[in-house]
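Please examine the model shown below.

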Amino acid sequence: MTDTLPYAEVIGDPITHSKSPLIHNFWLKALDIEAEYRKTHVTPDGLAAYFLQRRADPDWLGCNVTLPHKIAVMDYTDDPGGVRARIGAMNTIASETGGPLIGTNTDAGGFLQPLLRDKWKGQSAVLIGAGGAARAILFALSSLGVADLTVMARDAIKGQALFDRAGLKGRVIGMTDPLPACDLLVNSTSLGMVGQPVLDLDLTPLPASATVYDIVYAPLETDLLKAARARGLKTLDGLEMLIGQAALAFDIFFDAQAPRELDEQLRALLLAAD
């Protein structure tokens with residue numbers, strides 16, 4: 001690959017753990033598309049300079065956005081789809097050279113894909129975290145009609161703000177409070193990720209029919225998922241949402257449908273890269 005190829009990328013701080021380049025470059029190769037996907041370390045203080053530089057680059061197609069920028073990037077983007085009001089976080093930004101930066105969110109759709117595939121029909125959910133990913137996930141859960149919602153957060157004010165922004169009602173509990181019974185438990189934080197503190201929860205209150213969904217994918221087998229599987233609970237790992245949201249972004253960047261029939265090969269590649 002040369003520096004003159006059209007490219008998209010993922011930005012974050014940190015970014016070394018990102019598997020997004022493996023996913024997109026796998027699809028680009030499978031479809032014989034002459035382009036590439038990179039990862040770039042961008043600090044919060046460097047966001048403005050990053051976008052100024054990229055907008056002037058004729059080869060740049062856009063970027064995915066990961067921690068901690070999903071809220072901050074909204075200050076630099078146009079929002080024709082109303083993502084700011086509906087979700088309050090963006091993870092995908094595209095642009096034509098010199099044109100406006102258009103922001104959207106593929107996290108919500110990516111999060112939903114495995115639940116829709118599995119025909120999940122629960123009525124209650126507990127969401128751990130109140131950051132950018134949590135905003136998209138809460139929006140996704142409300143779109144499924146889940147009415148009994150609880151947010152578990154370190155900061156109760158941020159947890160309540162999550163509901164207020166979405167125009168939803170729900171409960172906010174602390175990270176050390178007992179876990180309530182629910183049909184779906186979702187970890188939207190970085191707890192359990194490599195280099196981060198462990199997410200230590202007592203899953204005893206969960207019914208045998210519950211699903212535990214951890215969006216952390218490094219490591220793929222988090223302590224939360226291990227504990228859920230030890231109880232015989234249904235689990236969904238971080239690659240589910242990662243691949244799902246990447247497929248939606250791939251179409252935006254490269255104007256092509258991701259070859260999802262190759263998902264098994266892709267998962268094997270991602271697991272081998274751990």
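## Cavity, cores and a helix

By class, five nonpolar, no polar and three charged residues line the largest cavity; Ala, Val, Leu, Ile, Met, Phe, Trp, Tyr, Cys and Pro count as nonpolar, and Asp, Glu, Lys and Arg as charged. The model is predicted, with local features needing pLDDT of at least 70 and side-chain atom pairs pLDDT 80 or more, while totals for chains, interfaces and linings use all residues. Residues are numbered from 1 along each chain, and side-chain values use heavy atoms, without hydrogens and water.

A cavity is a set of points on a 1 Å grid where a 1.4 Å probe fits but cannot get out, and lining residues have an atom within 4 Å of a point. One cavity of 30 Å³ or more is counted, and the largest has a volume of about 50 Å³. Its lining consists of Arg86, Ile87, Arg135, Leu138, Phe139, Leu162, Arg165 and Ala166. Two elements give two or more residues to this lining, helix H5 (132-143) and helix H6 (156-166).

A nonpolar core joins buried residues (under 20% relative accessible area) through side-chain atoms within 4.5 Å.

| Core | Residues | Members named |
|---|---|---|
| Largest | 43 residues | Among them Phe51, Phe111, Leu184 and Tyr213 |
| Another | 25 residues | Among them Phe26, Ala218, Ile243 and Leu270 |

Helix H1 (residues 20-30) has Ser20, Pro21, Ile23, His24, Phe26, Trp27 and Leu28 as its buried residues. After H1 comes Asp32, with a positive phi near 55°.

Technical notes. On a 1 Å grid over the protein atoms alone, a cavity is a set of points where a 1.4 Å probe fits but cannot get out, and a pocket is an open set with protein on both sides within 12 Å along at least five of seven lines; lining residues have an atom within 4 Å of a point. Grid points are joined across faces, edges and corners, and a volume is the space filled by probe spheres set on the points. Helices (H or I, at least four residues) and strands (E, at least two) are DSSP runs, numbered from the N terminus. Buried means under 20% relative accessible area, exposed over 50%, partly exposed in between (1.4 Å probe, protein chains only).
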